[in-house]
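This report describes one protein model with a ligand. Please look over the sequence and the structure before reading on.

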Amino acid sequence: MVAVAFYTITGQTAHFIDKTGLVAHQIEDANPHYDMGEKYVLVLPSYQDFMMDSVVDFLTYKNNKKNLIGLIGCGNRNFNDLFAQTAKKISVTLHVPILYLLELSGNSEDVVNVRQIIEQLSQSDKTAQQKAKEVEKPKELGNISFLSDYRQ
Ligand SMILES: Cc1cc2nc3c(=O)[nH]c(=O)nc-3n(C[C@H](O)[C@H](O)[C@H](O)COP(=O)(O)O)c2cc1C
C-alpha cells in the first residue's frame with residue numbers, strides 16, 4: 001500500500017482514517033518532524049492557515065514535500081468557497097493533485113472511494129491520478145501566500 005499521512009485537530013480526520021482501515025502516520029503537534037521516506041498521500045482537514053503550522057513543519061521536513069503524490073482534503077461545505085481550503089492551497093502551491101474531497105469524517109461511499117484510490121496508487125495504476133478532480137482556486141486565495149515561501 002502507498003503510505004498515508006494525516007493531520008487532525010478535533011478527531012474527524014482520524015475517525016475517517018480509522019474507518020478506512022488504512023495504516024497511516026499521524027502528524028503530531030508535539031513533533032511534526034517525521035520523515036515519510038517514501039511516496040505518500042496526505043489526508044488533512046481545513047482550517048485557517050495559522051492553525052496548520054504542524055502540517056507546514058511536516059511538509060518542510062526532509063523530503064516530505066517531494067514525496068507527496070496526492071492530497072485528500074476534508075472540510076465542511078458550510079464554509080462555501082473555503083471548503084477544503086487547506087488541501088486546495090497546498091495543491092495549488094506544491095502542484096500536487098487533489099485525489100478526493102470529503103466532509104467531516106466521511107460517509108461509507110467516501111471510505112470505499114478513498115480505499116480504492118489508495119489501492120490503485122499502490123498498484124502503480126495511474127487511474128486514480130487521472131481521475132483527480134480539477135479544483136478551482138478559491139476566490140479568497142487572492143491575497144493569501146500560504147506556503148508561498150517554499151513554492152517550487
Ligand atoms: C475553527 C474552524 C475552522 C474551520 N475552517 C474550515 C474551512 O475553512 N474550510 C472547511 O472546509 N472546513 C473548515 N472547518 C471544518 C473542519 O475542517 C472539519 O470539521 C474537519 O472535518 C475537521 O477535521 P479534524 O477533526 O480532523 O480536525 C473548520 C472547523 C473549525 C472548528
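## Confidence

pLDDT is the predictor's confidence in each residue, on a scale from 0 to 100. Two residues are in contact if their C-beta atoms, placed from the backbone, lie within 7 Å. The structure is a predicted model, in which local features need pLDDT of at least 70, side-chain atom pairs count only at pLDDT 80 or more, and totals for chains, interfaces and linings use all residues. Residues are numbered from 1 along each chain as its sequence is written.

The protein has a mean pLDDT of 86, and 81% of its residues reach 70 or more. Over residues 132-137, pLDDT stays under 50, and the model has 9 contacts beyond four places in sequence for them. A further stretch with pLDDT under 50 covers residues 140-152, with 17 contacts beyond four places in sequence.

## Overall layout

The protein contains 6 helices and 5 strands. Here helices (H or I, at least four residues) and strands (E, at least two) are DSSP runs, numbered from the N terminus. Along the sequence they follow the pattern β-α-β-β-α-α-β-α-β-α-α.

Of the contacts in the protein with a separation of 6 or more, 75% are between residues 24 or more positions apart. Buried residues make up 33% of the 152 residues. A residue is buried if 20 or more other C-beta atoms lie within 10 Å of its own, exposed if 12 or fewer, and partly exposed in between, with C-beta atoms placed from the backbone.

## The sheet

In what order do the strands of the open sheet stand? The 5 strands are arranged as β2-β1-β3-β4-β5, with parallel pairing. β2 (25-26) and β5 stand at the edges and have a single partner strand each, so one side of each is left without a neighbour in the sheet. Two strands count as paired if DSSP finds at least two bridges between them. In general, strands of a sheet pair through backbone hydrogen bonds, either parallel or antiparallel.

β3 and β4 run parallel and are joined by 5 bridges. Across this pair, V41 stands opposite G70 in β4, and L42 stands opposite L71. β4 also pairs with β5 in the parallel sense, over 5 bridges, and G73 faces L101 in β5. β4 is mostly covered, with 7 of its 8 residues buried.

## The core and helix α4

The largest nonpolar core has 33 residues, of which V4, A5, F6, V41, V43 and L44 touch the most other members. At least two residues of this core come from each of β1 (3-6), α1, β3, α2 (53-59), β4, α4, β5 and α5 (108-122). A nonpolar core is a set of buried Ala, Val, Leu, Ile, Met, Phe, Trp, Tyr and Cys residues joined through C-beta atoms within 7 Å. Apart from its neighbours within four places in sequence, F6 is in contact with T13, A14, I17, A24, Q26, I27, V43 and L44.

Helix α4 (residues 85-94) is mostly covered, since 7 of its 10 residues are buried. These are Q85, T86, A87, K88, K89, I90 and S91. The buried residues of α4 pack against β3 (40-44), β4 and β5 (98-103).

## Surroundings of the ligand

Which residues are closest to the ligand? Of the 19 residues that surround the ligand, the closest are T8, Q12, T13, P45 and G75. A residue is near a molecule or strand if its C-beta atom, placed from the backbone, lies within 6 Å of it.

α1 (12-20) and β4 (68-75) each supply at least two residues of the shell around the ligand, and the largest share, 3 residues, comes from α1. By class, the shell has 10 nonpolar, 9 polar and no charged residues. Ala, Val, Leu, Ile, Met, Phe, Trp, Tyr, Cys and Pro count as nonpolar, Asp, Glu, Lys and Arg as charged, and the others, Gly among them, as polar.

## Two residues with positive phi

Most residues other than glycine have a negative phi. H95, in the loop between α4 and β5, has a positive phi near 55 degrees. H95 is exposed, with 10 other C-beta atoms within 10 Å.

L104 is not a glycine either, and its phi is positive at about 50 degrees. L104 lies in the loop between β5 and α5. With 16 C-beta neighbours inside 10 Å, L104 counts as partly exposed.
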